[in-house]
Structure formats: C-alpha cells, structure tokens
Amino acid sequence: MTLSEHYAIAHAPSPWPRGLVQVYTGDGKGKTTAALGLALRALGHGLRVHVIHFMKGDTRYGEQAILAQLPGVTVERFGLPTLCNPKNPRPEERLQAHKALEAAQNAVLGGQYHVVVLDEINVALAFGLIPVDAVMELIRQRPPAVELVLTGRKAPPELIAIADLVTEMREVKHPFQQGVLARPGIDY
Ligand code: ATP
Ligand code: MG
C-alpha cells in the first residue's frame, strides 16, 4: 500500500460513528465462521479488513488461503501446528502468541483497517499465553473507528465486561458427540 492510500484510509470518514468491540465465545460451533462472515460482509462494503489467527499453526484451514486472495483483506497466522497443553504451554507457544499480540497492536493502532479480527485470542488469554491487561489496553487505545472482533472459547470476564457485543455460542448438539470427526470445508 502506498503512503497516500494509507493516509486516505486512516482519515476517510468512518462508515460508523464508533467502532465497537465484539466477542464471540462459548463451546458451540460458529465463532470463527461468524467472524469470517462479518469480514466478508465488511469487504462487500469496501471496508479494509485484517485477520490475525492466534494459535493456528496448523495450515489445513480452508479459509486462510482463499481469504488472502480477496481484495481488501490481509491475513496473518501465528501458532504451532501442534495442540497446546493449557496446563503446560511451551515457550515457543508463548512466543507465537506474543508475536500475534504484537501484530494485533500494529493492526489496531496503525489506523489502516476498519475491521480487525483477532481469531482465537480468547483461548490465548485463557491459557495465559498473553496477559489480559495488554488486550484491555489495546481495546482502550484503539482508534475510535476500528471495529474489533475477538473470538474463542473462555473469553475472560474483563473482556466480556468491556465489549459492546458478546455472543455465546452454546452447544446444543455437535456431530462430534456422535463420533463424526472434523470435516474439511465444514470444520476447517
Ligand atoms: P468454526 O471454526 O467452525 O466456526 P469455532 O470457531 O466456534 O468453530 P473452536 O472453538 O475454534 O470453534 O474449535 C475449533 C474446531 O472445533 C473447529 O474445527 C470447529 O468446527 C470444531 N468445533 C467447534 N465447536 C465444537 C464442539 N462443540 N464440539 C466439537 N468440535 C467443535
Ligand atoms: Mg474458532
């Protein structure tokens, strides 16, 4: 992006008076896909979107490659390909989460995006990979027009308190309980 394009976005009239903070949490399916659906909708209105995936080193996700091909959206992905043990996170997992947090700070404070999605950041917080205070500070410091979407199970109470919109996905049924394993194109 050229400097003048950057300037035009940072200073363009906001489509809304104030960007809000949205949290999608809970154990039911649909948090990441809801955030990606919102990203798609925003792109349709010509808004600029940045998506940061926390704890998603696994490259199998269908959305990641295709999303980056759409005009107006950029994607960054952090994490290891292996599952994180919440009781004993590895130093590399903490490092990846801190890198993702730094990317989030740059994206939010840089003022060049209308919508910033922090996918699975709630899990990184719940596992203690990054401090809640840093995310609360980022929320407070964000430029007023930035819409922030934070996804993942176990959103901390401080985040729920400060958010403008909180949706809790509740599992009523999930095929996993019937032994149906994650399916490409549906679950990843
Ligand atoms: P999705 O990415 O499908 O929107 P999600 O973001 O709500 O799901 P996560 O908590 O991030 O779900 O879980 C990641 C993976 O677990 C995804 O493959 C998702 O489809 C699957 N999943 C989500 N909810 C459940 C559930 N209740 N039981 C089993 N698997 C689930
Ligand atoms: Mg998810």
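Student: What is the relative accessible area of R77?

Tutor: R77 has a relative accessible area of 37%, so it is partly exposed. Buried means under 20% relative accessible area, exposed over 50%, and partly exposed in between (1.4 Å probe, protein chains only). The model is predicted: local features need pLDDT of at least 70 and side-chain atom pairs pLDDT 80 or more, while totals for chains, interfaces and linings use all residues. Residues are numbered from 1 along each chain as its sequence is written, chains are lettered from A and ligands numbered from 1 in the order in which they are written, and side-chain values use heavy atoms, leaving out hydrogens and water.

Student: Where is R77 found, and what does R77 touch?

Tutor: R77 is in strand β3. Helices (H or I, at least four residues) and strands (E, at least two) are DSSP runs, numbered from the N terminus. Contact means heavy atoms within 4.5 Å. Not counting residues up to four places away in sequence, R77 touches H53, K56, G57, D58, T59 and Q64. D58 is 19 residues from R77 along the chain, and their C-alpha atoms are separated by 9.3 Å.

Student: Which side chain makes a polar contact with the side chain of R77?

Tutor: A polar contact is a pair of N or O atoms within 3.5 Å; within protein, one must be able to donate a hydrogen and the other to accept it, and residues adjacent in sequence count only if both atoms are side-chain atoms. The side chain of R77 makes such a contact with that of Q64 at 3.2 Å. A polar atom of the R77 side chain also lies 3.4 Å from the backbone oxygen of K56.

Student: In what order do the strands form the sheet?

Tutor: Two strands pair if DSSP finds at least two bridges between them. Here six strands form an open sheet with parallel pairing, in the order β3-β2-β4-β5-β1-β6. β3 (73-77) and β6 (165-168) stand at the edges with a single partner strand each, so one side of each has no neighbour in the sheet.

Student: Where does D164 lie, and which residues is D164 in contact with?

Tutor: D164 is in the loop between α7 (157-162) and β6, and is partly exposed at 39% relative accessible area. Leaving aside neighbours within four places in sequence, D164 contacts R18, L20, V21 and R142. Its side chain makes a polar contact with the side chain of R18 at 3.3 Å and reaches the backbone nitrogen of V21 at 2.8 Å. D164 and Q22 are 142 residues apart in sequence but 6.1 Å apart in space, C-alpha to C-alpha.

Student: How many residues surround ligand 1?

Tutor: Ligand 1 is surrounded by 13 residues, the closest being K29, K31, R153, E171 and D187. An N or O atom in the side chain of K29 is 2.5 Å from an oxygen atom of ligand 1. A polar side-chain atom of T33 lies 2.7 Å from an oxygen atom of the ligand, and one of H174 lies 3.4 Å from a nitrogen atom of ligand 1.

How values were computed:
Near = heavy atom within 4 Å.
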